[in-house]
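Grab a pencil and work through these exercises one at a time. Try each task yourself before you read the solution under it.

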Amino acid sequence: MAPAYALTVRRSRLAAALLILTAWQALASSGLLFRDVVPSLWRIAAALATTLTAPAFYANLRVTAFEFAVAIAIGSMAGVLVGLALGASHFLSRAYERWVHYLAPVPKIIFFPVLLLAFGAGLESKIAMGTISCFFPVAISVAAGVRGVPPVLIRVDRSFRATPWQMATKIYLPAVRAALLNGLHLGFGVAAIGVLLAETKLSKAGIGFLVMDAYHRFDMPGMYALLLLVVFLVAGVNMAVTRISRS
Amino acid sequence: MPRAEVRLLAPACGVLSLIAAAAALQALIVTDVVSRYVVPPPTDVVMAIARIVREEHVVARFLLTSGETFGSGLLILAVGVPIGFWLHRSALARRAFEAWVAAWAAAPLVLAYPLFLVLFGRSSLTIVVLGFAAGVAPVVLKTLEGLTATRRVLVDVGRSLQITRGQMFRKILIPAALPEIFTGLRLGLTFSLINIVGVEFLINFGGLGQLINELAERYDLAGTYAAIGFVLLASMVFFACMEHVERWLRRTH
């Protein structure tokens, strides 16, 4: 891209961003909406600073991060195992993969009442929510990756009488690295959403809980600040995973 | 095992093993190994289906959720296709904003549902707007992709016949990009439906999502499981139909 053109592109982006912010500020000071529904940019910035300096935010962030990390660990592990089994066995794939595909896009939050009953209202039900969210993209991606493994590699390993464990660790897992990272990438995003949504529904800790707490107290600048932080945090995790998977 | 046999036998084994798992669960619940206050017996769930269809107005709720998704779909088409067309026409706009649309597509918008609640109230409008916000980006991106992939020769023939801009749009660009636009619409409606049912559940308002929440709050366990099964079935039918329509559209184009 020529430097002059790149500059025009940057200016267009800046102009659009300024337009959006100005429109927001104008709406905030117009009095058209109920007070505080659209708080001014300054108040949102002040709430952002308050949130970022409050110890409570970091304590709740730790809770959410813990739930997310455990959910990812269990969900991706289960996803890899099921994906390997579905991808390696034509029979299992014909028997069950259709169900996994059909279940994958349904809104997982509808399982939350069942998870609440099974695991209680504490961290466990949020972890379970993140786990089932993460499981499907990883399983589907790994299964597709296994089917893409060159048959000659599998035949060579079979001719050496490799055990199923050796087949999984020496052939399938190295060959499906790209598919696994792709699945994990999708899984990270949906697990974060699963955990946070579950926290907004019923919890006593976590970032989702803080958002709902601000909503119930009608602390709109605080709620907007938290939502911005959530979006940036999830986008940050997303970018980090993308960078790792590319490297 | 020969492939033809696997093709017939495997799906049957899959269904039978699920039925066997349900029977095993029933046995565990009847013998009190698994608490019936956590997992209701599968037979109770099956019997609850007729009850919730009759008493909880499942058909009306199904139509409400479908209507909200349809409303979001119309908004998505009305806004997404023109934006896609604009990004196709203006190279500068595409260079500046295509990445923004992609970022929007990846943003966890459903987490902002309290914001939509504040702006639009606890109403169907909130649900439709959230469904629209969640599903518009794929239509923009796929419209742009479809228009960009239009064969050069078609556009050149149109120009040589000196057709107007409107005719070029209606007769050449849109028909050529239609399969891609539909792929975008399928993705968009899928995201919309996921978000719509999710938000109905979260804000306890509307159709099928609210039904699950309400039955769970009443501690009607068999009803809750039956309602979850119904939503799963409705989602599966929806996704399968969309896939078939897309395949048919690609074949006929």
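**Exercise 1. Which domains does chain A have, and how far apart do their C-alpha centres lie?**

Solution. Start with the bounds, which come from an automatic or database domain assignment: chain A gets domain 1 (1-37) and domain 2 (39-246). Keep in mind that this is a predicted model, where local features need pLDDT of at least 70, side-chain atom pairs count only at pLDDT 80 or more, and totals for chains, interfaces and linings use all residues. Residues are numbered from 1 along each chain as its sequence is written, while chains are lettered from A and ligands numbered from 1 in the order in which they are written.

Next, the distance: the C-alpha centres of the two domains of chain A are 33 Å apart. Now look at where they touch, with contact meaning that the C-beta atoms of two residues, placed from the backbone, lie within 7 Å. Seven residues of domain 1 of chain A meet five residues of domain 2 of chain A. On the domain 1 side, that gives four nonpolar residues, two polar and one charged. (Nonpolar covers Ala, Val, Leu, Ile, Met, Phe, Trp, Tyr, Cys and Pro; charged covers Asp, Glu, Lys and Arg; the others, Gly among them, are polar.)

**Exercise 2. Describe the build of chain A.**

Solution. First, count the elements, which are DSSP runs numbered from the N terminus (helices: H or I, at least four residues; strands: E, at least two). Chain A has eleven helices and zero strands.

Second, check the overall dimensions. The radius of gyration, taken over C-alpha atoms, is compared with a globule rule of 2.2 Å times the number of residues to the power 0.38. A compact globule of 247 residues would come out near 18 Å, but chain A has 23 Å. Its C-alpha atoms fill a box of roughly 75 × 60 × 30 Å along the principal axes.

Third, look at contacts: of those in chain A with a separation of 6 or more, 75% join residues 24 or more positions apart.

**Exercise 3. Is helix 6 of chain A largely enclosed or largely open?**

Solution. Begin with length: helix 6 (residues 123-147) of chain A has 25 residues and reaches 36 Å from its first C-alpha to its last, close to the 36 Å expected. (The expected span is 1.5 Å times one less than the number of residues.)

Then look for a bend, which is the angle between axes fitted to the seven residues ending at a residue and the seven starting there. Helix 6 of chain A bends by about 25 degrees at F135(A), and the proline P137(A) follows within four residues.

Last, burial. A residue is buried if 20 or more other C-beta atoms, placed from the backbone, lie within 10 Å of its own, exposed if 12 or fewer, and partly exposed in between. In helix 6 of chain A, 22 of the 25 residues are buried, so this helix is largely enclosed by the rest of the structure.

**Exercise 4. Which residues does V199(B) contact, leaving aside its neighbours within four places in sequence?**

Solution. Find V199(B) in helix 8 of chain B. It counts as buried because it has 27 C-beta neighbours inside 10 Å. The contacts of V199(B) are V110(B), Y113(B), I127(B), L130(B) and G209(B). Take V110(B): V199(B) is 89 residues away from it in sequence, yet 7.6 Å away in space, C-alpha to C-alpha.
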